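Here is a short briefing on helix packing and chain build. Please read it with the structure open.

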Amino acid sequence: MVPPDLRYTKDHEWVRLAADEATVGITAFAAEQLGDIVFVELPAIGRSLAAAATFGVVESVKAVSDLYAPLSGEVVEINPALAGQPELVNTDPFGAGWMLKLKVADPAEVDALLDPAGYDQLIAEG
Amino acid sequence: MPYGPHTLADRERMLEAIGITSVDELFDDIPANLRASRLDLPAGMPELELAAHLQALAGRNRTDLASFLGAGAYRHFQPPVVDQLLLRGEWYTAYTPYQPEVSQGTLQSIYEYQSLLAELVAMDVVSASHYDGAAATAEAALMTCRATGRQRILVSRAVHSHYRQTLATYLSGGDLELDQVPVVAAGPLAGTTDLAALEALLADPARPVAGVIAGQPNFYGLLEPMAEIGHLAHAAGGLFVAVVEPVSLAVLEPPGAYGADIAAGEGQSLGIPTQYGGPYLGILATGDALVRQIPGRLVGMTTDLDGQRAFVMTMRAREQDIRRERAASNICTNQALLALAASIYLATLGPHGLRDVAALGAARAAELEAALVEAGAERLHPGPYLNEFLIRVPDARAIHARLLERGVLAGLLMADIEPGDPGLADSLLVCATEVTTGAEVARFAAALKAELGTVR
């Protein structure tokens, strides 16, 4: 069961909303599928992202995947710990392995995201 | 027995399915003059006759010439140990195995290449090689675009013309732009990159520059103000790419010391003969900051479960077999055998030996300059050079041809490579290395003196 207080994308990002700030990471399912993560490439603070735009890259020992912005907004913070400890994405994907914080441009976009039950169903279907 | 797996009927069904009538239509996008024409091969020959025929063809090569040709490919003494080791069958594949860690020897050879070159360029990371110096330079340009998110490259006009053409090819077809930085026309800095022009080109706010590319030594053999070029690039938020000649790095400041973000260069001069037009060796190096942008592969050293030294394919996740169309490059076959030749050469000579090679070449070039000036030629540029420089002679094309008849290959006729540049008219790019002999210099000078005497 995925954390009930988050919203999800079909590309396996999660979003935690607090007022107009959204914290973004990738799910435990995604981290497990990728295997040992060795590098996370994140955008510059201040960059504006459109929903579904690629915001970075996550690299595991044998694969590289793009990361997609779940919501439109401006990058206000990135997780500085990931530069030295990318494995946090594997060990604590919903916590210390967070990737960036967005100042949400359009709160209505949240409605398009999956709820926990919807995401559970997505990963159950494979 | 036909070797093609598809019958005529199969092919017709496939053509019909995609709505064309002949296979040739698939190639319509390629201009007709560039398509392969039918090979016009003569009838077969018995092996003995063929050997004699090929020997006769090979006999047309001039091996008697005193050569002063450099221009991007340099003659050097190749210690026999380089070829002897290179000819071992264990090395006979250009490819790193897809399960690379089973081939510890291959990985170790690549690791040692990376380490030797990293020391030479004084940078953190060297990729496991590219096709040639021009390809490596173009990859460097693309790295600067990816790293900065900008789309414009500035290349000094004094970078090798073939490299600039390769850059134009790599940068075409997308949103990327390539502009040339002129060289200073006259005065003590003539022939080097024009810093004022560079500054002006960098100042266009609508077209921010990703990378500035300059060569050291430049194509005319001159030494460039690399640190200043790098400062200007960095001040404008761009990156700086140094195109280097590896033997020169034994005596010149390495790119890591003057602030280059990326170094690219041709590795041919490291124990690889001036064979045909290749295969050669593309060197590409950078710092830790851009390690994720470097195309190709990187081999690292680690310890295995038993604590023993082991070599691993540390980074190749950005390659096309994994990233497909988002790969850092789709042209990154490494030149493992030639990288190995460079490694053996460097390990054989050692730092002192390489310094001797570079210094002796520079000394020979100084002798050459004195002899040619004495014979009546003049240097085109006054600035310092290492082992290659431009001379001007009246009617250079005719003189070049007549010197050839006298057994002297008088370098490169610049009009052949830069036909549109009036500043380079009637000039010859001449080069000396440690294999140039005093007798050859004397032969060139005497022949030139005789020719200039008849002209006047």
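**Helix pair H5(B) and H6(B)**

In H5(B), B:Gly133, B:Ala134, B:Ala135, B:Thr137, B:Ala138, B:Ala141 and B:Leu142 meet B:His162, B:Tyr163, B:Thr166, B:Leu167, B:Tyr170 and B:Leu171 of H6(B). Two residues are in contact if their C-beta atoms, placed from the backbone, lie within 7 Å. By class, this contact of H5(B) with H6(B) has nine nonpolar, four polar and no charged residues. Nonpolar means Ala, Val, Leu, Ile, Met, Phe, Trp, Tyr, Cys and Pro; charged means Asp, Glu, Lys and Arg; the others, Gly among them, are polar.

The model is predicted: local features need pLDDT of at least 70, side-chain atom pairs count only at pLDDT 80 or more, and totals for chains, interfaces and linings use all residues. Residues are numbered from 1 along each chain as its sequence is written, while chains are lettered from A and ligands numbered from 1 in the order in which they are written.

**Geometry of H5(B) and H6(B)**

- Helix H5 of chain B spans residues 133–148, and helix H6 of chain B spans residues 161–171.
- They pack at an angle of about 45 degrees, with axes 9 Å apart. Axes are lines fitted to C-alpha atoms, for helices over the stretch in contact, and angles run from 0 to 180 degrees between N-to-C directions.
- H5(B) and H6(B) are therefore oblique to each other (under 35 degrees is roughly parallel, over 145 roughly antiparallel, 65 to 115 roughly perpendicular, the rest oblique).
- H5(B) passes H6(B) in a right-handed crossing, with the near helix turned clockwise from the far one by less than a right angle.

**Helix pair H7(B) and H8(B)**

- Helix H7 (residues 195–202) and helix H8 (residues 226–235) of chain B have axes that come within 10 Å and cross at roughly 15 degrees.
- H7(B) and H8(B) are therefore roughly parallel to each other.
- The crossing of H7(B) and H8(B) is right-handed.
- From H7(B), B:Leu195, B:Leu198, B:Glu199 and B:Leu202 meet B:Glu228, B:Ile229 and B:Leu232 of H8(B).
- The contact of H7(B) with H8(B) divides into five nonpolar, no polar and two charged residues.

**Chain A**

- Chain A has four helices and nine strands. Helices (H or I, at least four residues) and strands (E, at least two) are DSSP runs, numbered from the N terminus.
- From the N terminus on, the elements of chain A run β-β-β-α-β-β-β-β-β-α-α-β-α.
- The C-alpha atoms of chain A fill a box of roughly 35 × 35 × 20 Å along the principal axes.
- Of its 126 residues, 37% count as buried (20 or more other C-beta atoms within 10 Å of the residue's own, all placed from the backbone).

Terms used:
A residue is buried if 20 or more other C-beta atoms lie within 10 Å of its own, exposed if 12 or fewer, and partly exposed in between; C-beta atoms are placed from the backbone.
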